[in-house]
Amino acid sequence: MIKKIAIMTSGGDSPGMNAAVRAAVRTAVTEGIEIYGINRGYSGLLDEDFSKMDYSSVGGIMERGGTVLRSSRCKEFQLKPTRENAVDILKEHEFDGLIVVGGDGSLTGAHLLNEEFDFPVVGIPGSIDNDIGYTDTCIGVDTCLNTCMENIQKLKDTASSHERAFIVEVMGRGSGYIALCSGIATGAEAVIIPEIPVDYDKLTDKLWHERQRGKINCIIVVAEGAASAYTVARHIEHRIGYDTRITILGHVQRGGSPTAYDRLLASRMGYEAVKAFQDNDTDVMISLISGRMERVPLGDVLANKKGLDPKLIEMIKILS
Ligand code: ADP
C-alpha cells in the first residue's frame with residue numbers, strides 16, 4: 001500500500017502545472033496518502049528541499065501562472081551516480097513514489113529512476129511545445145497558443161493601420177507546433193518552421209503578389225528554431241514593399257493564468273497520477289488520448305517524440 005509520495009515540476013515551466021499539483025495533493029490527502037512538494041525540480045530533490053502539502057496549502061494556486069513549486073534545469077541529473085543519490089534520498093525520506101510534471105527531459109529523468117533503480121514514478125506531460133508522444137496535448141499548450149493568438153492579433157491591428165509587415169518570432173526550438181498553430185489561428189500570411197526548409201524566393205513572390213492585389217498587412221510567424229526574425233526580415237524586407245517590424249514574443253508565452261482547458265486537463269492528470277500509484281501502475285505517463293485519461297509506459301512515450309501533424313502543414317499552405 002502506498003503511504004507517502006512526492007511531486008515536483010521540472011524543466012521548462014508551463015501554465016497549468018499548479019492545477020496538476022493541486023489535484024494530486026488533494027487526491028492524495030483524500031485517499032490518506034501523505035504528499036510532499038519538492039521545490040526546484042531535480043535540484044531541489046538533491047538538496048532535500050521538501051515541504052509537506054495538505055488540502056489548504058494548494059488553495060488559490062490553480063489560477064496562477066508559472067509553478068509555485070518552482071522549477072530548475074539540473075544538468076548533473078543526466079549522470080547515473082546523481083540519480084542513484086536521488087533515489088537514496090527518496091528512500092531515506094520513505095517516499096513510495098514520485099510524480100514528475102515536465103517535458104521530455106524531465107520525463108526521461110523520471111523514467112531512468114525507475115529503469116535503473118526500480119523507483120516508482122508517474123509522469124505528467126507539461127510542455128508548451130506539444131512534442132511529447134502518446135498524448136494528444138500537454139499542460140500549457142492551450143494557454144500558450146491563446147497568448148500567441150492574442151498578441152499576434154494585436155500586431156495585426158497595428159500592421160493594418162500602417163500597412164506594415166510584422167515578423168513575429170515564437171518559441172519552438174525543435175518544433176514548429178506553436179508557430180504553425182498560432183499562424184493558423186491568426187490567419188498569418190506565412191509560417192516558418194524548422195520542419196520545412198524555407199524558400200525565400202517563393203515566399204517573397206507570394207507576399208509581393210498579395211501586396212499587389214491590395215493586401216494592407218502581412219504577418220509572418222517564425223519558430224525560433226527555424227530562423228531568427230531578423231534573418232527573415234533581411235531576406236524579404238526590400239522585396240515586398242512593406243515597412244517591416246519585428247516582434248519577439250519570448251517568455252510571455254510561458255506565463256499567464258492558465259485557460260479553462262489547461263486547468264481541466266491538468267486537474268484530470270494530477271488526479272489520475274495518484275490513482276495510478278494506487279493501482280501500482282508506475283513508470284507511466286498520464287496521457288490524454290481521444291478525450292480519455294490513459295496511462296502509457298514512459299519508455300514508449302520517450303521513444304516516440306511527437307512530430308507535426310502533416311495535415312496541419314497542408315492546411316496552412318491553403319489557408320495562409
Ligand atoms: P523539459 O523537461 O522541459 O524537457 P529539460 O530538457 O531542460 O526540460 O529537462 C529538465 C531536467 O530534466 C534537466 O535539467 C535534467 O535535470 C533532467 N533531464 C533532462 N534530460 C535528462 C536525461 N537524458 N537523463 C536524466 N535527466 C535528464
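**Ground rules**
- The model is predicted, with local features needing pLDDT of at least 70 and side-chain atom pairs pLDDT 80 or more, while totals for chains, interfaces and linings use all residues.
- Numbering starts from 1 along each chain as its sequence is written, and side-chain values use heavy atoms, leaving out hydrogens and water.

**Around the ligand**
- The ligand is surrounded by 16 residues, with Gly12, Arg73, Cys74, Gly105 and Ser106 the closest (near is a heavy atom within 4 Å).
- Asp104 puts a polar side-chain atom 3.2 Å from a ligand oxygen, and a polar backbone atom of Gly103 is 3.1 Å from one.
- Helix α4 (residues 104-117) supplies the largest share of this shell, six residues (helices are DSSP runs of H or I, at least four residues).
- The shell splits into four nonpolar, nine polar and three charged residues, with Gly counted as polar.

**The pocket**
- The ligand takes up the space of the largest pocket (more than half of its atoms lie within 2 Å of the grid points).
- A pocket here is an open set on a 1 Å grid over the protein atoms alone, where a 1.4 Å probe fits, with protein on both sides within 12 Å along at least five of seven lines; lining residues have an atom within 4 Å of a point.
- Its volume is about 920 Å³, the space filled by probe spheres set on the points.
- The lining has 38 residues, with Gly11, Gly12, Arg73, Asp104 and Gly105 nearest the centre.

Technical notes. Polar contact = N/O pair within 3.5 Å; in protein donor to acceptor, adjacent residues only side chain to side chain. Helix = DSSP H or I, 4+ residues; strand = E, 2+ residues; numbered from the N terminus.
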